[in-house]
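The sequence and structure are shown below.

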Amino acid sequence: MRIFNQSPPSETETKKRILQAAQRLFARSGYDGTTTRDLAAAAGVAEGTLFRHFDNKKAILIEVATEGWVEILTDLLTELSEMGSYKAVAQVMRRRMLNIRENSDMMRVCFLEAQFHPDLRDKIQLEVIGKMSVVAEAFFETAMEKGVYRKMNPKIVAQVFLGMFAVAGFSQNTIMEPNASPQEMQEMAEGLAEIFLNGVLVKD
């Protein structure tokens with residue numbers, strides 16, 4: 001019986017393994033509680049291999065969090081573009097909340113660590129959120145031109161919407177119980193959508 005040697009992982013695969021391990025460890029132990037030795041062991045690589053791909057531990061954190069934010073906001077804006085009605089915000093919100101719960105490690109790193117690292121926060125703001133805000137602004141501006149939303153500053157509407165989505169996305173540790181049921185998440189999504197679309201004041 002002939003035995004074939006398994007080819008070593010490519011550089012791209014190795015880097016992906018490092019980032020996946022970092023996401024898990026940063027989420028569980030925090031950035032400060034994770035060493036490069038921990039990262040290398042979790043990724044199944046030598047510590048020297050780690051530094052061949054990244055200058056330091058901070059560079060790994062920045063890439064993990066930046067990629068996470070890109071995924072979060074790209075998924076959101078994709079759903080917005082495919083939305084059957086401009087009023088179907090609750091459906092989009094609920095799907096994103098469920099998806100985020102399945103990716104809780106990524107969310108924990110994206111939200112928590114950015115608070116403690118100004119350089120990470122600046123990079124995310126400049127390279128991810130800023131660009132996504134422009135896309136969201138165009139989306140809401142189109143809705144206003146069609147007469148679906150009342151005329152106001154689309155940039156502010158986009159920022160409010162993305163902020164609302166961020167709160168909902170991290171709701172497991174803020175405004176909802178950790179083991180919230182799908183029904184409770186649906187109620188949260190519908191409540192946020194109702195406030196976003198209609199406000200909280202009683203109409204005259």
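Predicted model: local features only at pLDDT ≥ 70, side-chain atom pairs only at ≥ 80, totals over all residues.

Lysine 58 forms a salt bridge with aspartate 119, and their closest N and O atoms are 3.3 Å apart. This pair links distant parts of the chain, with lysine 58 in helix H4 and aspartate 119 in helix H7 (residues 118-145), 61 residues apart. Aspartate 119 is also partly exposed, at a relative accessible area of 36%.

The structure holds four salt bridges in total. Side chains of opposite charge can pair when their charged atoms come close. Arginine 52 counts as exposed, at 52% relative accessibility, whereas glutamate 11 counts as partly exposed, at 43%.

Another salt bridge is made by the side chains of lysine 15 and glutamate 63, with an N to O distance of 3.3 Å. Here too the pair links distant parts of the chain: lysine 15 lies in helix H1 and glutamate 63 in helix H4 (residues 57-82), 48 residues apart. Lysine 15 is partly exposed, with a relative accessible area of 28%. Glutamate 63 likewise counts as partly exposed, at 22% relative accessibility.

## Packing of H1 against H2

Two packed helices are described by the angle between their axes and the distance between the axes. For H1 and helix H2 (residues 36-43), the axes come within 8 Å and cross at roughly 120 degrees. The two helices are therefore oblique to each other, since angles of 65 to 115 degrees count as roughly perpendicular and those over 145 as roughly antiparallel. H1 passes H2 in a right-handed crossing.

On the H1 side, the contact is made by Arg17, Ile18, Ala21, Ala22, Arg24, Leu25 and Phe26. H2 contributes Asp38, Leu39, Ala42 and Ala43. Taken together, the residues of this contact comprise eight nonpolar, no polar and three charged.

Technical notes: Residues numbered from 1 in each chain as written. Heavy atoms only, no water. Buried < 20%, exposed > 50% of the residue type's maximum accessible area, 1.4 Å probe, protein only. Helix = DSSP H or I, 4+ residues; strand = E, 2+ residues; numbered from the N terminus. Axes fitted to C-alpha atoms, helices over the stretch in contact; angles between N-to-C directions. Parallel < 35°, antiparallel > 145°, perpendicular 65-115°, else oblique. Left-handed = near helix turned anticlockwise from the far one by under 90°. Contact = heavy atoms within 4.5 Å. Nonpolar A, V, L, I, M, F, W, Y, C, P; charged D, E, K, R; others polar.
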